[in-house]
Amino acid sequence: MKVDLAIIHGQVFNTFTKKFEKKHVTIKGDKIYYLTASELEHVEAEEVVDATNQYLVPGLMDIHMHIESSMTSPSIFSETALAHGVTTVVADAHEIANVFGMEGLEVFFSQPSRMDIFFAIPSSVPSTTPELETTGGIIGVEEVKRLLRHPKVIALGEAMNFNGIVNEPDSLIRQILREVQTEKPFMPLEGHIPRVSGLELAKFLYAGLTADHTHQSPQSIYEKITNGMFLELQKKSITPENIAVIVENQFYEYVAIITDDVMADDLLEGHLNENVKLAVSCGMPVEQALYCATYTPARRMGFQDRGAIIPGFKADFLLLDDVETLDIAAVYKNGQLVHEKGNDFRYPEQKPRFPEHFYQSLICRPLTTEDLHIRVKTAEKVIVNAMQISKVGTFTQHVKREMKVIDGYLDWENSGLALIVVMERYGKTGDIGYGFVENALTEKGAVATTWAHDHHNVMVMGTSMEDMVVAQKQLLDMQGGYVVAEAGKVEAVCPLPVGGIISDAPIQKLGAQLKEVRQAMIKLGYRNSNEIMSFSTLSLPVSPAIKITDKGMMNVRLQEMIPLVEGE
């Protein structure tokens, strides 16, 4: 018997018993061929790897994630995540779709990668409606029909428009759901269902949405799973109390570990492997954690060729020096060694290519101090509406605060609140939305970005007019990214010149730049479990409870605009 590769004497993870067994594994081509505990007699192998004292586990599979959240291209992401043991992903590329529509998706689909990258149809571009936020692209029913025919498309991406799903039978998202359910009745339909329970949860399920990846609690985990929903656990949901519910109720079959979003600086340290380790540290047995990062996600997405080390399945696997800590010694994809411990991240052989106009996508005028002088009718004091930032996660609360008025203008620079503006950047309307933020910056300065979920307009937040103007100018000059300004000077930048959301630089350089931005935000007093994500989602009008777009501040649940000043 001739084979291409034999891995001998390793402790092989048996997905179906959830135990490790000492076996030899043979590989022909890109598939697992034969496993045996007996000696490999009469076997000719082109290559033999002795895995004594090592563990063989299937390649990790991330079925809910956004490559653009790592601010890099699919090709660069592939090489980086492979080094962390991730061999298959299902990416919802709704960020590039919000900027460039179908053209952005086609560019992503065509990028080469050694990792297997499948895609979910972006179902929420825009996340609400064009009347509530301006985007560069729109994915409607006709675009969905085209995407359903693409061989890399295997799921419907997260449906986020709560109001459209539960209250508007003829909304765009409901039309999309009907189209997918008719043309591909077995296709997984992903939901975005934060803080939804009872009758509202039933309405989501009734619409056909059968999975949720948002921030969970012990109560939501039990309610959603016992109502038939599949849960995808991202980092903020992997807590001791949440894992305890899963362990106590043996809910492993209904759970997958995913990432959703991993920032570029965090990607240098790990990807899905870090969330698997976190689950173990929170009380999930390591065998079950591996199961929930390999086999349950494979079943959720309908894969018939991966997620376990068995004959006929893809030869995607890891060699671990230590299973408890997921200490990766080597990563194999399609039977080929693609990464070994100690090696640096590989840059693609060819630099990622994007159309030239992707590098010149900001059609937005410079911000001026006149834009930031806010006139009101009241003489002395007013009540303003504000978004209160949480210290953990991306949820916000609606609060009302008193603010002084001087010479007919809001004295917001001395109010303890930060001013936030969102400027339409696609050359369509020129609209500017205004809001206030509490628990943002405690020092004088500003933060600006084009990585504003999900519409990606220009967003500037600050406690100083001068710094807001400086930060926005720098953002326009470098065609997008992140900027932090203080005392009239730019303190940190992370350029994202491809559509304002992606860099084609090596991940090491990109990660270092983003880390500098993060540290500069912390210096200005920004406090959150993920400062970058917290800031970037202040513009996400489907994430509770109050957010901002180029149209202004919005009550997310009711999808109604909130005035900046009461009574004005």
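In this predicted model, strand β1 (residues 2-14) pairs with strand β2 (residues 19-28) in the antiparallel sense, and eight bridges join the two. Within this pairing, G10 has K23 of β2 as its bridge partner. The two strands form a hairpin with four residues between them, and K18 in the turn adopts a positive phi of about 55°.

With strand β4 (residues 44-50), β1 pairs in the parallel sense over six bridges; here K2 stands opposite E44. Strand β5 (residues 55-58) also runs parallel to β1, the two being joined by two bridges. In that pairing Q11 lies opposite Y55 of β5. In a regular strand, side chains alternate between the two faces of the sheet.

Strand β27 (residues 552-555) pairs with β26 over four bridges, and I548 has M553 in β27 as its bridge partner.

The unreviewed UniProt entry carries the annotation "domain: Amidohydrolase-related" for residues 55-338. In the model, the end C-alpha atoms of this span lie 17 Å apart, and the span is 37% helix and 20% strand.

Side chains of opposite charge can pair when their charged atoms come close. The model contains 31 salt bridges. Three of them are listed below with the distance between nitrogen and oxygen.

| Salt bridge | N to O distance |
|---|---|
| K23 with E21 | 3.3 Å |
| D265 with R518 | 2.8 Å |
| E349 with R346 | 3.0 Å |

The surroundings of these pairs can be described by relative accessibility. K23, which is the bridge partner of G10, counts as partly exposed because its relative accessibility is 22%. E21 is likewise partly exposed, at 24% relative accessible area. In the pair of E349 and R346, E349 is exposed, with a relative accessible area of 74%, whereas R346 counts as partly exposed at 30%.

The salt bridge of D265 and R518 links distant parts of the chain: D265 belongs to helix α9 (residues 264-267) and R518 to helix α15 (residues 507-523), 253 residues apart. Both D265 and R518 are buried. Beyond such pairs, a network of salt bridges links D116, D305, R306, D316 and K333.

Which charged side chain is buried yet has no salt bridge? That residue is E68, and R425, the nearest side chain of opposite charge, is 12 Å away. E68 lies in the loop between β6 (60-65) and α1 (74-83). Leaving aside residues up to four places away in sequence, E68 touches D92, A93, H94, E95, I96, F108, W451, I501 and I502.

Note on methods
Residues are numbered from 1 along each chain as its sequence is written. This is a predicted model: local features need pLDDT of at least 70, side-chain atom pairs count only at pLDDT 80 or more; totals for chains, interfaces and linings use all residues. Side-chain values use heavy atoms; hydrogens and water are left out. Two strands pair if DSSP finds at least two bridges between them. Buried means under 20% relative accessible area, exposed over 50%, partly exposed in between (1.4 Å probe, protein chains only). Lys and Arg count as positive and Asp and Glu as negative; His and the chain ends are not counted. A salt bridge is a side-chain nitrogen of Lys or Arg within 4 Å of a carboxyl oxygen of Asp or Glu. Contact means heavy atoms within 4.5 Å. UniProt positions are given in the numbering used here, feature names are shortened, and annotations may be inferred rather than shown by experiment.
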